[in-house]
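Thank you all for coming.

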Amino acid sequence: MTASDTAQDLDALLEEVAEVARPTARQGELADYIPALRDEDPDCFGLAMVDMDGTEYVVGDVDRPFAIQSISKVFSLVLAMQKADRAEGVKKELWDRVGVEPSGDPFNSLIQLEREKGIPRNPMINAGALVVDDVLLGHCENPREEMKALVSELAGEEVTIDERVADAEEGTSGRNRAIAYLMQSFDNLHHTVDEVIDAYAHQCAVQMTARQLARASRFLANDGVDPATGKQILRPPLARRVAAIMLTTGTYDAAGEFAFDVGLPCKSGVAGAIMALAPDRYGITVWSPPLDSSGNSRAGHVALHELAERLELSIF
Ligand code: DON
């Protein structure tokens with residue numbers, strides 16, 4: 001299929017993709033460290049694809065909200081890059097303190113951090129996201145509200161933060177705290193561990209739907225311009241860098257597999273969503289809660305593979 005195919009063709013194609021992907025969900029497992037994830041319906045499945053004109057192609061549970069979890073790392077990075085683009089000092093601060101290499105380790109691993117003197121490999125693993133939050137705490141009046149405002153603007157609707165999820169995240173944050181204290185010991189955390197963990201827990205608890213995430217991702221597939229408003233959210237070279245980081249690190253130690261199987265910049269979250277960019281064509285999000293051993297949605301991975309193959313979306 002090509003970009004000129006009709007809307008009906010694309011609707012039918014999404015149905016077919018869902019049919020292939022849905023049954024694979026049961027090969028995965030729900031995240032079980034907090035009630036909101038443990039109690040989720042494993043059979044939920046939603047796939048949303050929004051083109052640059054705003055036409056939305058959807059199948060399944062695309063209007064049911066979930067916690068965006070690690071997908072928030074893309075938006076907190078975008079906010080930090082907006083700040084960094086306005087001030088050389090922030091730019092240096094950000095990229096001196098967090099790298100852009102894949103980690104090849106689980107998203108919440110401490111091992112590299114000890115060896116690499118408290119500098120996280122990239123902003124998509126927990127350590128890197130905590131540093132990004134630390135930078136935001138230094139340069140935003142209210143990082144939580146600024147991030148919520150950015151995501152709401154991009155989604156075209158007001159999004160909310162589920163305080164119960166944020167509380168549960170804070171209550172199970174032992175490993176993230178350990179990461180934060182380790183970075184603090186290397187002088188790579190400038191606010192208190194409590195402040196940074198609070199910011200991180202709240203960004204994980206932002207509630208969005210697959211449809212809203214697909215809309216919100218489109219500016220990254222459109223040289224940094226939100227097609228809904230024409231507003232330049234990030235300059236083109238910066239938007240491309242966010243996409244590069246998503247491709248190489250957005251699905252953790254499965255980033256190579258995603259590049260191989262899907263060929264699109266992707267970012268996953270532990271609630272089972274994966275947000276993907278098809279440059280100049282679509283913002284895409286798939287949601288199916290059961291996860292594989294890398295913490296990526298099992299059926300989501302299958303759906304993106306099928307979609308990318310059928311629509312020839314791979315960037316390679
Ligand atoms: O920090 C954590 O453990 C979670 N709240 C978020 C992690 C996440 O979504 C990783 N994703 N696959």
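Let me start with a term: a polar contact is a pair of N or O atoms within 3.5 Å; within protein, one must be able to donate a hydrogen and the other to accept it, and residues adjacent in sequence count only if both atoms are side-chain atoms. This is a predicted model, in which local features need pLDDT of at least 70 and side-chain atom pairs count only at pLDDT 80 or more, while totals for chains, interfaces and linings use all residues. Residues are numbered from 1 along each chain as its sequence is written, and side-chain values use heavy atoms, with hydrogens and water left out.

With that in hand, an N or O atom in the side chain of tyrosine 200 lies 2.6 Å from an oxygen atom of the ligand. On the nitrogen side, glutamate 169 brings a side-chain N or O atom to 2.5 Å from a ligand nitrogen, and a polar side-chain atom of tyrosine 33 is 3.1 Å from a nitrogen atom of the ligand. The protein buries 95% of the 340 Å² that the ligand exposes when taken alone, with accessible areas from the Shrake-Rupley method and a 1.4 Å probe.

Turning to the domains, whose bounds come from an automatic or database assignment, the chain is divided into domain 1 (7–65 + 208–311) and domain 2 (70–204). Their C-alpha centres are 21 Å apart, and their contact, meaning heavy atoms within 4.5 Å, takes 33 residues from domain 1 and 33 residues from domain 2.
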